[in-house]
Amino acid sequence: MSAFAIPLTVVGSINADITATTERLPGPGETVGGGTLKRSPGGKGANTAAAAARLGARTRMIGAVGTDPSGAEMVAALRTAGVTVDSIAEVDAETGTALITVDAHGENTIAVCEGANAHVSIDGHDFADDTVLTQLEIPMTVVTALARTVRGFFVVNAAPALPLPAEVVDRADLIIVNESEYAALPQLRSARSVAVTAGAKGSALFARGERIAHAPARSVTPVSTVGAGDAFCAALTIALRAGISAEAALSTANAVGAFAVTDPGARPSFPTLDHFLREADALHAGNGDEKDSK
Ligand code: ADP
């Protein structure tokens, strides 16, 4: 079995993304015609779980969907990605939905209806020594409950940026944010271990505000950055739990993030993490052999 087949539980949001692409974004009170519609699975939690399963972790998702057809679709999409879905609750609410409009230049607006995600609960779930990864599109009370309950490696992707209870910051073995979230959350300067992503500038690891490792991004032409952060979180967590050094883990997660930005969707069909680790090793060895990469 691969060293990356770690038991991982993702506790987080599950959304149906409904995207209208129009020439320009409608202003307040305005109707813009000529759009094309796309439905796709989304939500930070579900995107992270799907990426983790594709990368090779034994991934279970704890979350909630409604009893509507959209809920069944979202669960089916996770199952297809290889995620264990038995711990996803069906609740009496609409499945979480993001209504997205995108214009011809890629500019967007997003209205999120959290629906069933407001009902996510960890009551009755056993985490044993699982690595647990969560994000902030579910109630903060659940994140706090995780901080109190999880015995294994506990990772918080502090996105969207919201102030974290001190006990969550103290308990988290790893907090992952992007540059703007890091700037918005000064409390992270005192956290034990914070990974900060910086788009085309790569990523770094900070311990109590001091940078202890860094890895440059891959040079790629981005097609869509949606889901890159979620995939990065899955990859970094798995790599660190597999015992890979901080720099190599950041580099491997950057390769996964680069793969994600060259894919138009939020749920790319990643190869397993071994592939990205070999690619990162090759780069590190200085031969720059990236011919297998996307
Ligand atoms: P978020 O989507 O959460 O804001 P980032 O944009 O920082 O997160 O992207 C996460 C990771 O994905 C980055 O650390 C990097 O490794 C990779 N990535 C994102 N954008 C690019 C890009 N333009 N070129 C190469 N890699 C990228």
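## Around the ligand

The shell around the ligand divides into 7 nonpolar, 7 polar and 1 charged residue. Here Ala, Val, Leu, Ile, Met, Phe, Trp, Tyr, Cys and Pro count as nonpolar, Asp, Glu, Lys and Arg as charged, and the others, Gly among them, as polar. This is a predicted model, where local features need pLDDT of at least 70 and side-chain atom pairs count only at pLDDT 80 or more, while totals for chains, interfaces and linings use all residues. Residues are numbered from 1 along each chain as its sequence is written, and side-chain values use heavy atoms, with hydrogens and water left out.

Of the 15 residues around the ligand, those that come nearest are N178, T197, G199, G202 and N254; "near" asks for a heavy atom within 4 Å. As for elements, α6 (228-241) and α7 (246-261) each give at least two residues to this shell, and α7 has the largest share, with 3 residues. Helices (H or I, at least four residues) and strands (E, at least two) are DSSP runs, numbered from the N terminus.

## Polar contacts

Now for the polar contacts, meaning pairs of N or O atoms within 3.5 Å. A polar side-chain atom of T197 sits 2.7 Å from a ligand oxygen, and a side-chain N or O atom of N254 is 2.9 Å from an oxygen atom of the ligand. G202 uses its backbone instead: an N or O atom there lies 3.1 Å from a ligand oxygen. The protein covers 84% of the 550 Å² of accessible area that the ligand has on its own (Shrake-Rupley method, 1.4 Å probe).

## The nine-stranded sheet

An open, mixed sheet of 9 strands runs β5-β4-β1-β8-β9-β10-β11-β12-β13; strands pair if DSSP finds at least two bridges between them. Its edges are β5 (88-91) and β13 (210-215), and the twist averages 20° from one strand to the next. T197 turns up again here, with S203 in β12 as its bridge partner. Strands β11 (194-197) and β12 (203-207) run antiparallel, joined by 4 bridges.

Helix α1 (44-55) lies across β1 (7-11), β4 (58-66) and β8 (131-135), at about 155° to β4. Helix α2 (69-80) packs on the sheet too, touching β4 and β5, at about 175° to β4. Contact means heavy atoms within 4.5 Å, and angles run from 0 to 180 degrees between N-to-C directions of axes fitted to C-alpha atoms.

## The four-stranded sheet

Another open, mixed sheet has 4 strands in the order β3-β2-β6-β7, with β3 (36-42) and β7 (108-113) at the edges. Strand β2 (15-21) is joined to antiparallel β3 by 7 bridges, and A20 has L37 in β3 as its bridge partner. Helix α2 packs on this sheet, touching β2 and β3, at about 60° to β3.

Notes:
A polar contact is a pair of N or O atoms within 3.5 Å; within protein, one must be able to donate a hydrogen and the other to accept it, and residues adjacent in sequence count only if both atoms are side-chain atoms.
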